[in-house]
Amino acid sequence: MADIAIQEGGLIAPAAGSRAKVLDRMRLGDAAFRQLTRAAAIGVLVLLSAVIFSLIKGSIPALKTFGLLAGIPSIIYGIWGLFVFAPFLQETLQPFLIGTLGNLPFIGPLFGGPPYGIGMLTAGLILAIMVLPFVTAISRDVFEAVPAVLKEAAYGLGCTTWEVTRNVVLPYARVGVIGGIMLALGRALGETMAVTFVIGNAHRISASLLAPGTTISATIANEFTEAVGDLYTSALIALGLILFVITFIVLAIARYLLLRIERRIG
């Protein structure tokens, strides 16, 4: 039957036009979401390509002199951060943050001081780049665990891909996503060399995110070979104990969250 309405003896145009507009709007939303995810994926590939290019360019003299390396260490993130990422931040992002946010009340001290390039913000960004693939892989596995019937029901009601992701997949899998983030945080807490390269290794607490600082793992790595005396060595071991306890608590919470979602699936 044609969807038509009769009013005051006349015919009104069928509702097909309004349905077509709704469908067009849904298609546009799906297309926008598809392009956004594609741009994010391309951005990751571009970033990795830039890292690989920088490493190859910087290692050519050594490779010509000494030949093939036995393996690639994890500190390549730190090397890239020190020689490429930190100068880029010093010339672009940090001056912008100082000029725009440094004079604001309350949050101004977070972006005060000169643009060193290295510092806590740089170390945080390096760690974010390092743990992002880890979070992405766990989140993907968790998303695949969402029952297909829930997603199919949402599609049957006319939801777009973004609406299914936001209203069905994420609420169902949020515990697993949070668990993956916590596991990545535990990974970041124990990171040593990459942070040591770019954080500045300054033993002082500063309100500014742009200022140099240090971490427990970086302190142990820098000072353990210079520890003179039993008390100095004991202090560094105590720092290691504190780091172990913090990491253990974070990983235990993450594991508990992942067990909860496994029980839901089971």
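A: Phe106 counts as exposed, because its relative accessibility is 82%, over the 50% cut-off. Bear in mind that this is a predicted model. You'll find Phe106 in the loop between helix H3 (93-101) and H4.

Asn201 is another one to look at. Its phi is also positive, about 55 degrees, and Asn201 isn't a glycine either. This residue sits in the loop between helix H7 (193-198) and helix H8 (216-223). With 28% relative accessibility, Asn201 counts as partly exposed, since that class runs between 20% and 50%.

Now for the pocket. The largest pocket holds about 750 Å³ of space, and 25 residues line it. If you want to find the middle on screen, pick out Thr37, Ala40, Ala41, Val44 and Thr136, which lie nearest its centre. Helices H1 (16-66), H2 (76-91), H4 (120-144), H5 (148-156) and H6 (161-189) are the elements that each give two or more residues to the lining. H1 supplies the largest share, with 10 residues.

What does that lining look like by class? It has 17 nonpolar residues, alongside 5 polar and 3 charged ones.

Notes. Residues are numbered from 1 along each chain as its sequence is written. This is a predicted model: local features need pLDDT of at least 70, side-chain atom pairs count only at pLDDT 80 or more; totals for chains, interfaces and linings use all residues. Side-chain values use heavy atoms; hydrogens and water are left out. On a 1 Å grid over the protein atoms alone, a cavity is a set of points where a 1.4 Å probe fits but cannot get out, and a pocket is an open set with protein on both sides within 12 Å along at least five of seven lines; lining residues have an atom within 4 Å of a point. Grid points are joined across faces, edges and corners, and a volume is the space filled by probe spheres set on the points. Helices (H or I, at least four residues) and strands (E, at least two) are DSSP runs, numbered from the N terminus. Ala, Val, Leu, Ile, Met, Phe, Trp, Tyr, Cys and Pro count as nonpolar, Asp, Glu, Lys and Arg as charged, and the others, Gly among them, as polar. Buried means under 20% relative accessible area, exposed over 50%, partly exposed in between (1.4 Å probe, protein chains only).
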